[in-house]
Amino acid sequence: MNDRSNQNPQSAGLEAGSQTPGVVQLLNQHKQSGKPTLSYEFFPPKDAEGDAVLWRSLDKLLESNPDFVSVTYGAGGSNRDTSLAVVDRMAKLVPTIGHLTCVGATRATTTEIIRHFEAAGVSSLLALRGDPPKDGTPVNSEISRAIDLVELIREVSNLDVGVAAFPEVHPESPNLAHDVHVLKLKQDAGASFAMTQLFFTVEAYVNLVSAAREAGVTIPIVPGVMPISNAAKVLRMAEMSGAAVPAHLQRELQNADEAQARVIGMDYSIKLGSELLEAGAPGLHIFTLNFAKAALEVARGVGGLG
Ligand code: FAD
């Protein structure tokens, strides 16, 4: 992929006062031009060192001309202030999706946060439930499901609302048919795009999209791609999220030393990204874990993005 930094209006920052395009507008523009979107996910750093890493990484990643980025938000608002601070700063540089969770939240506080996002120049939110505490502590939420959050955002703002989608089926769902039924309910409630959980086979994404289309879901479903640069870490994340890693890949990664495993994992991630686009994905949303190198390798390796 060419270095496209010269073509990147975002690397110089979004123009003050200009209307930041929403994700749906960007996805539509790209659909018309036939060029898939490129986007990255970040999480709020935990300390000053993490903060420095995040902004250095963003600088490097802006060179690849992403269409938008997203910033996660802890369940129960655990890292609310850091997440909002990151969004405030990032949204001045590149169109930014704020993730927002509702587990344990009240309508009043959530409405205030939505207003904060609007004031920061964010034009799209990802409406999520978040996970309740694992120890079973009861959670008192006025908004207990993501669909209720979609409705609240639609009620109090004009922001684009995105929702989560699960190629490997949500761990609490009985099956894919249930998941796509819920996705259709969220679309009916006003969601206009979806972004997926991590997964490792093109079939998982294709099956989700075809089940969703059969259920009447028409919104774009952007796949999330996790670069396999640190195999041990990614295999742990796959296990935690219930994403199946193909047996041959798992075997190859486990039998390789660290350096070989990185080559195998990154080749696989680039191949998966390319196959997703060939299968009709509207773009790739790359999980960066706040590091630029592996995310850029996937973006450049796949090519033709952004
Ligand atoms: P919901 O839509 O509420 O679904 C939860 C369960 O309830 C599902 O099994 C669903 O099928 C069921 N359900 C929901 N509505 C209905 C209904 N009307 N009828 C029947 N069943 C229903 N977590 C964070 O804490 N912070 C983040 O920033 C974050 N970012 C994410 C980004 C992406 C792209 C994805 C895919 C996930 C993200 N998550 C994040 C994780 C997410 O919060 C969890 O996966 C959570 O368990 C489910 O969230 P949800 O929005 O799908 O919840």
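Close-up 1. A polar side-chain atom of H170 sits 2.7 Å from an oxygen atom of the ligand. The protein covers 85% of the 960 Å² of accessible area that the ligand has on its own; such areas come from the Shrake-Rupley method with a 1.4 Å probe, and for residues only the protein chains shown count as cover. The backbone takes part here too: a backbone N or O atom of R129 lies 3.0 Å from an oxygen atom of the ligand, and a polar backbone atom of G130 is 2.9 Å from an oxygen atom of the ligand. Please keep in mind that this is a predicted model, in which local features need pLDDT of at least 70 and side-chain atom pairs count only at pLDDT 80 or more, while totals for chains, interfaces and linings use all residues. Residues are numbered from 1 along each chain as its sequence is written, and side-chain values use heavy atoms, with hydrogens and water left out.

**Close-up 2. The shell around the ligand.** Which residues come nearest to the ligand? Of the 25 residues around it, these are Y73, G130, D131, H170 and K186; a residue is near a molecule if one of its heavy atoms lies within 4 Å of it. At least two residues of the shell come from each of β3 (96-101), β4 (124-128), α6 (176-189) and β6 (193-196). Helix α6 gives the most, with five residues. Helices (H or I, at least four residues) and strands (E, at least two) are DSSP runs, numbered from the N terminus. By type, the shell divides into ten nonpolar, nine polar and six charged residues. Here Ala, Val, Leu, Ile, Met, Phe, Trp, Tyr, Cys and Pro count as nonpolar, Asp, Glu, Lys and Arg as charged, and the others, Gly among them, as polar.

**Close-up 3. I221 and the nonpolar cores.** The largest nonpolar core has 85 residues, and I221 is listed with Y40, M90 and L276 as having the most contacts inside it. Apart from it lies another core, of 13 residues, including V24, F68, L128 and F166. A nonpolar core is a set of buried Ala, Val, Leu, Ile, Met, Phe, Trp, Tyr and Cys residues joined through side-chain atoms within 4.5 Å.

Close-up 4. F193 belongs to strand β6 and counts as buried because its relative accessibility is 0%; buried means under 20% relative accessible area, exposed over 50%, and partly exposed in between (1.4 Å probe, protein chains only). Though F193 and V23 are 170 residues apart in sequence, their C-alpha atoms are 8.0 Å apart in space. H285 lies in strand β9 (residues 283-287) and is buried too, at 3% relative accessibility. Its side chain joins that of S39 in a polar contact of 2.7 Å. Within protein, a polar contact is a pair of N or O atoms within 3.5 Å, one able to donate a hydrogen and the other to accept it; residues adjacent in sequence count only if both atoms are side-chain atoms.

Close-up 5. Most residues other than glycine have a negative phi. L289, however, has a positive phi of about 50 degrees, and phi of N290 is near 75 degrees. Is each of them buried or partly exposed? L289 is partly exposed, with a relative accessible area of 25%, whereas N290 is buried, at 3%.
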